[in-house]
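This briefing covers helix packing and some local backbone features. Please keep the sequence and structure in view while reading.

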Amino acid sequence: SETTKPFVDDYLLSEEVLDAVTQNYLHIHDKDYYPTKSLTCVQHPLDHILKYGFSAGHGESRPAKRIETASILGCISLETAQNEMHGGQAIPAFDFYLAPYVRNSFIEEVKNLEELNGKDYSHLYQKTVSRVHQSMEAFIHNMNTIHSRGGNQVVFSSINYGTDTSAEGRCIIRELLKSTYQGVGNGETAIFPIQIWKKKRGVSYLPEDRNYDL
């Protein structure tokens with residue numbers, strides 16, 4: 001780290017840029033990684049990844065159908081990118097991206113019951129909630145145990161959520177929060193992902209707003 005910083009100043013910056021850095025008009029974030037040309041921080045288009053799958057270089061991941069698969073693909077996406085670069089990984093709309101897979105899982109549960117008993121069970125939802133909870137639990141556990149950074153660290157990750165007011169989006173948020181409060185292992189605080197609650201008037205800002213309870 002300490003030897004690459006002067007290397008950047010001496011060999012990689014133009015005189016104009018170097019002068020701006022010296023005068024504190026510009027700051028190069030993580031200058032020690034500048035020579036690697038690595039990206040520093042990225043946001044993952046998880047909706048696209050879940051819909052179309054992705055290639056990690058040694059085989060392709062198929063599109064997700066269920067909440068369990070969608071959750072683990074979110075982890076794999078973050079971990080794969082982290083192995084290729086320096087800096088943080090973020091999912092900008094975690095609740096919106098995963099909500100369709102809650103709906104898919106609910107439909108799957110209902111169809112299984114209807115085929116078994118020959119009745120209409122479209123009013124049922126609780127088994128799906130249990131699956132969502134386990135998926136969020138697995139997401140947090142994986143993000144705190146799988147090492148994917150230099151120095152044997154876990155993925156420096158963050159997720160944003162809070163403004164999806166659908167039943168499925170709210171289920172993702174609620175079960176994610178429950179899993180976070182439970183902690184990992186023997187109840188230790190989950191370090192990652194960093195969780196960013198998006199607060200919005202008309203959505204979660206006032207007591208009468210739909211997501212205020214969350």
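Helix α6 buries Thr128, Val129, Arg131, Val132, His133, Ser135, Met136, Phe139, Ile140, Asn142 and Met143. The model is a predicted one. Helix α6 runs over residues 126-143 and packs against α4 and α5.

**Helix α6 itself**

- α6 contains 18 residues.
- From first to last C-alpha, α6 reaches 26 Å, close to the 26 Å expected at 1.5 Å a residue.

**α4 against α6**

- Helix α4 spans residues 67-84. The axes of α4 and α6 lie 8 Å apart, at an angle of about 15 degrees.
- Angles under 35 degrees count as roughly parallel, so α4 is roughly parallel to α6.
- The crossing of α4 past α6 is right-handed.
- On the α4 side, the contact uses Ile67, Glu68, Ser71, Ile72, Gly74, Cys75, Leu78 and Glu79.
- On the α6 side, the contact uses Arg131, Val132, Ser135, Met136, Phe139, Asn142 and Met143.
- The residues of this α4 and α6 contact comprise eight nonpolar, four polar and three charged.

**α5 against α6**

- Helix α5 covers residues 94-117. The axes of α5 and α6 come within 9 Å and cross at roughly 140 degrees.
- The two helices α5 and α6 are therefore oblique to each other.
- α5 also passes α6 in a right-handed crossing.
- α5 contributes Phe94, Leu98, Val102, Ser105, Phe106, Glu108 and Glu109 to the contact.
- α6 contributes Lys127, Thr128, Arg131, Val132, Met136 and Phe139.
- The residues of this α5 and α6 contact divide into seven nonpolar, two polar and four charged.
- Arg131, Val132, Met136 and Phe139 of α6 are listed in the contact with α4 and in the contact with α5.

**α4 against α5**

- The axes of α4 and α5 are 8 Å apart, and the helices pack at an angle of about 155 degrees.
- Angles over 145 degrees count as roughly antiparallel, so α4 is roughly antiparallel to α5.
- Ile67, Glu68, Ala70 and Ser71 of α4 meet Leu98, Tyr101, Val102 and Ser105 of α5.
- The residues of this α4 and α5 contact split into five nonpolar, two polar and one charged.

- The end C-alpha atoms of α5 are 35 Å apart. This agrees with the 34 Å that its 24 residues should span at 1.5 Å a residue.
- The buried residues of α5 are Phe94, Asp95, Tyr97, Leu98, Ala99, Tyr101, Val102, Ser105, Phe106, Glu109 and Val110.
- These buried residues of α5 pack against helices α3 (46-52), α4, α6 and α7, and against strands β4 (89-91) and β7 (157-161).
- Just after α5, Gly118 takes a positive phi of about 65 degrees.

**Phe96 in α5**

- Phe96 sits in helix α5. Its relative accessibility is 39%, so Phe96 counts as partly exposed.
- Leaving aside neighbours within four places in sequence, Phe96 is in contact with Thr163 and Asp164.
- The C-alpha atoms of Phe96 and Glu168 are separated by 8.7 Å. Along the chain, Phe96 and Glu168 are 72 residues apart.

**Backbone features in loops**

- Asn24 has a positive phi of about 65 degrees although it is not a glycine. Asn24 lies in the loop between α2 (15-22) and β1 (42-43).
- Asn24 is exposed, with a relative accessible area of 68%.
- Asp30, also not a glycine, has a positive phi of about 55 degrees. Asp30 is found in the loop between α2 and β1.
- Asp30 is partly exposed, at a relative accessible area of 25%.
- The peptide bond from Phe192 to Pro193 is cis, with omega near -5 degrees.
- Pro193 lies in the loop between α7 (167-182) and β8 (194-197).

Technical notes. Residues are numbered from 1 along each chain as its sequence is written. This is a predicted model: local features need pLDDT of at least 70, side-chain atom pairs count only at pLDDT 80 or more; totals for chains, interfaces and linings use all residues. Side-chain values use heavy atoms; hydrogens and water are left out. Axes are lines fitted to C-alpha atoms, for helices over the stretch in contact, and angles run from 0 to 180 degrees between N-to-C directions. Helices (H or I, at least four residues) and strands (E, at least two) are DSSP runs, numbered from the N terminus. Angles under 35 degrees count as roughly parallel, over 145 as roughly antiparallel, 65 to 115 as roughly perpendicular and the rest as oblique. A crossing is left-handed if the near helix is turned anticlockwise from the far one by less than a right angle, and right-handed if clockwise. Contact means heavy atoms within 4.5 Å. Ala, Val, Leu, Ile, Met, Phe, Trp, Tyr, Cys and Pro count as nonpolar, Asp, Glu, Lys and Arg as charged, and the others, Gly among them, as polar. The expected span of a helix is 1.5 Å times one less than its number of residues. Buried means under 20% relative accessible area, exposed over 50%, partly exposed in between (1.4 Å probe, protein chains only).
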